[in-house]
Amino acid sequence: RMLYDLTGVNPQTVPLGDPATMSLFESPEALGVTAEDIGCETGTLGIPEFGTKFVRGMLLDTKPKTFADLLRISGLSHGTNVWLGNAQELVKSGTATISTAICTRDDIMIYLINQGVESALAFTIMESVRKGKGLKPEWIEEMKAHNVPQWYIDSCLKIKYMFPKAHAAAYVMMAYRIAYCKINYPLAYYAAYFSIRADAFSYEIMCQGREKLDYYMKDYKRRSDTLTKKEQDTMKDMKIVQEMYARGFEFVPVDLYKAKAKMFQIVDGKLMPSFASIEGMGDKAAEAVEEAGKDGPYLSLDDFRQRTKVSKTVIDLMAELGLFGNLPQSNQLS
């Protein structure tokens, strides 16, 4: 909702066959960057369903060319024993392609009907396979009688759970529309992502310029085997910020009177982070700071603390980051 409010785009008007958007699932070039710039061979960082390392690997293996291919990949990624140890090996060996492998539960019924299997039996086989119950011997014989290859039967026997095609379609339509906005409305995309999806955004680490971000990313990579859960989340968010910087976009400092509690804003062609992006600033404190700023200028740091109730630790960090400008410590004059 935030993304479409910022762009003014009606998601239902986004063309699902847009070539530039489709290219993101193979390469980041449509973003104006290279794989080396962002440390990722696709342009799908931060795209729902297609941004994880696991699914990005699937994209590289399958090289999707159409929306239908993306739908099949979504089915594969949400199944159990459908991709790993199954379709992945078939695709790599050339036995099957993304178009012929079993990807969603519906694929089984439709394929078997097309092979001449009676429709009720095709449905029964699909239901058994998608629940991980396998195939009865008589079903296998029936499938062989209708020229179903052995690799297809073996694939069915490995499956433990399968995704419905309609569910995959809903997911992919959402992801595709967001990818379209990522290309065509970049600042709106990053504002929405950092406001809503970022798990551990850090103003101190990520908003002080590209060099400082690169320093922290190198440090995190060096310590990759010992990172805490929070640091892993921070690293994930840093990759999106790295991409944003690589595309030529920047942050502006948080303004004590204009910034929002939790939402990033587009200001003069740059992004203004939220108060909540400051380390130690909880949601309630961030809301208090946003509200306090509406009552006029602060006279001093003491005045800021009294009006916002923010802790001294956070105020010290904000001062270190230069967010108070020349604001004096106290209302008292020397």
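**Close-up 1. Threonine 21 is buried, with a relative accessible area of 0%.** Buried denotes under 20% relative accessible area, computed with a 1.4 Å probe on protein chains only. The model is predicted: local features need pLDDT of at least 70, side-chain atom pairs count only at pLDDT 80 or more, and totals for chains, interfaces and linings use all residues. Residues are numbered from 1 along each chain as its sequence is written, and side-chain values use heavy atoms, with hydrogens and water left out. Helix α2 (residues 19-23) contains threonine 21; helices are DSSP runs (H or I, at least four residues) numbered from the N terminus. Beyond neighbours within four places in sequence, threonine 21 contacts Tyr176, Ala179, Tyr180 and Ile183, contact meaning heavy atoms within 4.5 Å.

**Close-up 2. The largest pocket holds about 990 Å³ of space.** A pocket is an open set of points on a 1 Å grid over the protein atoms alone, with protein on both sides within 12 Å along at least five of seven lines, and lining residues have an atom within 4 Å of a point. The volume is the space filled by probe spheres set on the points, which are joined across faces, edges and corners. Of the 37 lining residues, Gly46, Gly51, Tyr193, Lys236 and Ile240 lie nearest the centre. Helix α15 gives the most to this lining, with 7 residues.

**Close-up 3. The second largest pocket holds about 300 Å³ of space.** Its lining comprises 18 residues, with Asp199, Ala200, Phe201, Ala276 and Ser277 closest to the centre. Helix α12 supplies the largest share of this lining, 3 residues.

Terms used: On a 1 Å grid over the protein atoms alone, a cavity is a set of points where a 1.4 Å probe fits but cannot get out, and a pocket is an open set with protein on both sides within 12 Å along at least five of seven lines; lining residues have an atom within 4 Å of a point. Helices (H or I, at least four residues) and strands (E, at least two) are DSSP runs, numbered from the N terminus. Buried means under 20% relative accessible area, exposed over 50%, partly exposed in between (1.4 Å probe, protein chains only).
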